[in-house]
Amino acid sequence: MIKIYGYRLSPFVERIYQQVHAKGIEDKFDFCGLPDDGLKCDEYLTLNPFGKMPVLVDGDMCLPESAIICEYIEGKFPDTPLMPTDKDQHLAVNLILRMLDMYVFQNMFTASAMVREATPDKKAIKAKFDEVVIALDAIEKFASSEKNEFLVGDKWSLADCAFVSADFFFARILTAMGVDAYANRPKIKAWHDANKDTEVMKNAYGAKDKELVAFLGRIKEE
Ligand SMILES: N[C@@H](CCC(=O)N[C@@H](CS)C(=O)NCC(=O)O)C(=O)O
């Protein structure tokens, strides 16, 4: 069994969960959560010295970083490829993944933490959300079409796997900040409209909401 450490609330873990699900190789994977003492305990830090999730452990192979883990899984299980062979589509998938990682998730999570500070710096928080909006426009630009349920080309790819979490955090964070991710962005809106009621999305929202409640409970106790 290949172990994936982490929780599905994390978009970086969920991306791998979606990849494994899309490839139909769930029986090869154990999404094992985290050690009882969490991300910063010695046991976990030997797996990932940055104390971040996810980590993949496959025999002697131990990999941090979701992008690298996804690449490893694509290489080890080449059936049902989730990276397009077309060069331009391949670039578009990688660009969308990069936009999500560096500008969407990072800024949304940092801004959410800033909102919870005793005296929130409204200007700094707005600057973070402004960057999210710029990234949304970039994703809209690199997405292929408003005519199907895929972000790139005509097949489910790693960009779609990652966008499952984006859709969730748009609903749980961006909407609360008064930003409609889908207004005037017809391609990503088409993705949302086509996917919002699927079993994949219902399952992801269910798992993530459960963990979000637990996460917010822990913050309240601190
Ligand atoms: N670049 C990393 C990002 C991983 C990451 O930031 N994970 C977050 C959860 S969403 C984490 O573990 N945060 C805990 C911490 O930083 O203490 C990846 O793609 O795997």
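Analyst: Let's start with Ala190, which lies in helix H7 (helices are DSSP runs of H or I with at least four residues, strands are E runs of at least two, numbered from the N terminus). This is a predicted model, where local features need pLDDT of at least 70, side-chain atom pairs count only at pLDDT 80 or more, and totals for chains, interfaces and linings use all residues. Residues are numbered from 1 along each chain as its sequence is written.

Ala190 counts as partly exposed because it has 19 C-beta neighbours inside 10 Å; buried takes 20 or more other C-beta atoms within 10 Å, exposed 12 or fewer, and partly exposed is in between, with C-beta atoms placed from the backbone.

Now to the core itself. A nonpolar core is a set of buried Ala, Val, Leu, Ile, Met, Phe, Trp, Tyr and Cys residues joined through C-beta atoms within 7 Å. The largest one has 52 residues, and Ile96 and Ala159 touch the most other members. Helix H7 (186–195) is among the elements that each supply at least two residues, as are strand S1 (2–5) and helix H4 (87–115). The largest share, 11 residues, comes from H6. Domain 1 (2–76) and domain 2 (87–221) each give this core at least three residues, with bounds from an automatic or database domain assignment.

Leaving out residues up to four places away in sequence, Ile96 touches Ile139, Phe142, Leu151, Val152 and Ala159; contact means C-beta atoms, placed from the backbone, within 7 Å.

Definitions and conventions
Contact = placed C-beta atoms within 7 Å.
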